[in-house]
Amino acid sequence: MGCAISGSGLTPRTAEIRTTEHESPARLTPRHIHLIKESWKVIQEDIAKVGIIMFVRLFETHPECKDVFFLFRDVEDLERLRTSRELRAHGLRVMSFIEKSVARLDQLERLETLALELGKSHYRYNAPPKYYGYVGAEFICAVQPILKDKWTAELEQAWKTLFQYVTGIMKEGYLEEERTKRNLMLTTSTKERPDKRNTMI
Ligand code: HEM
């Protein structure tokens, strides 16, 4: 498994998203954007492979994530997943989202809309934000061997920042959807209350 990810501070300049009240905001600088775009040209040739490696690693390091997936929750032998058509398809869906994100790095408002909607759909999938942070680390471990000596600490920081940025907005989308659904339930139950009183009488 082993893949060492280096930790370091973020270098602020342009776009800024506060991931949680206590975390420092993820800021994508023009340099990050340049590095991500350049490395993506190499990564995109192997997106199916990266998608599978990323999810098998995620399930190995954080088995609790597997339970969110109806199709994979009962699979004990993770090696079997490496050849699973469903995991390949799922990995490709996630990787094509990353592809879209890279394509929108010069129009961050569009990336925000996309990530917000994705967060809302993850509320419907019952996939809570506490797990999102794990994905970036597994992505980095999966792409490092592909980029070989092109991989640098600076590039790693750029990808980390993109994942923090996207997952920060996904979390907002998730919470927004949760609030909407909760309010809807409250409205429905208050509307029902007078009827219930009537039946008591
Ligand atoms: C960076 C983090 C993540 C990204 C970018 C991402 C992206 C995606 C995308 C693009 C889809 C396809 C459907 C759609 O567009 O709504 C999807 C589906 C889904 N995701 Fe995620 N996801 C992330 C993290 C997670 C995590 C951590 C979990 C669970 C622990 C999860 C669970 C699911 C489930 C259950 C589905 C629906 C089933 C499916 O499409 O196969 N996601 N995700």
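User: Two residues are in contact if their C-beta atoms, placed from the backbone, lie within 7 Å. Going by that, which residues does F139 touch, not counting residues up to four places away in sequence?

Analyst: Quick heads-up: this is a predicted model, where local features need pLDDT of at least 70, side-chain atom pairs count only at pLDDT 80 or more, and totals for chains, interfaces and linings use all residues. Residues are numbered from 1 along each chain as its sequence is written. With residues up to four places away left out, F139 touches M54, W159 and F163.

User: How many helices and strands are there, and in what order do the elements run?

Analyst: Helices (H or I, at least four residues) and strands (E, at least two) are DSSP runs, numbered from the N terminus. The protein has 7 helices and 2 strands. Starting at the N terminus, the order is β-β-α-α-α-α-α-α-α.

User: What share of the protein is buried?

Analyst: A residue is buried if 20 or more other C-beta atoms lie within 10 Å of its own, exposed if 12 or fewer, and partly exposed in between, with C-beta atoms placed from the backbone. Out of 201 residues, the buried ones come to 30%.

User: Let's look at α2. Which elements do its buried residues pack against?

Analyst: α2 has 15 residues and reaches 21 Å from first C-alpha to last, close to the 21 Å expected at 1.5 Å a residue (that is, 1.5 Å times one less than the number of residues). Its buried residues are V50, G51, I52, I53, M54, F55, V56, R57, L58 and F59. They pack against α1, α3 (78-81), α4 and α6.

User: Is N126 buried or exposed?

Analyst: N126 sits in the loop between α5 and α6, with a positive phi near 60 degrees even though this residue isn't a glycine. Most residues other than glycine have a negative phi. Because N126 has 10 C-beta neighbours inside 10 Å, N126 counts as exposed.

User: And K148, buried or exposed?

Analyst: K148 is in the loop between α6 and α7. Its phi is positive too, about 45 degrees, and K148 is not a glycine. K148 has 8 C-beta neighbours inside 10 Å, so K148 counts as exposed.
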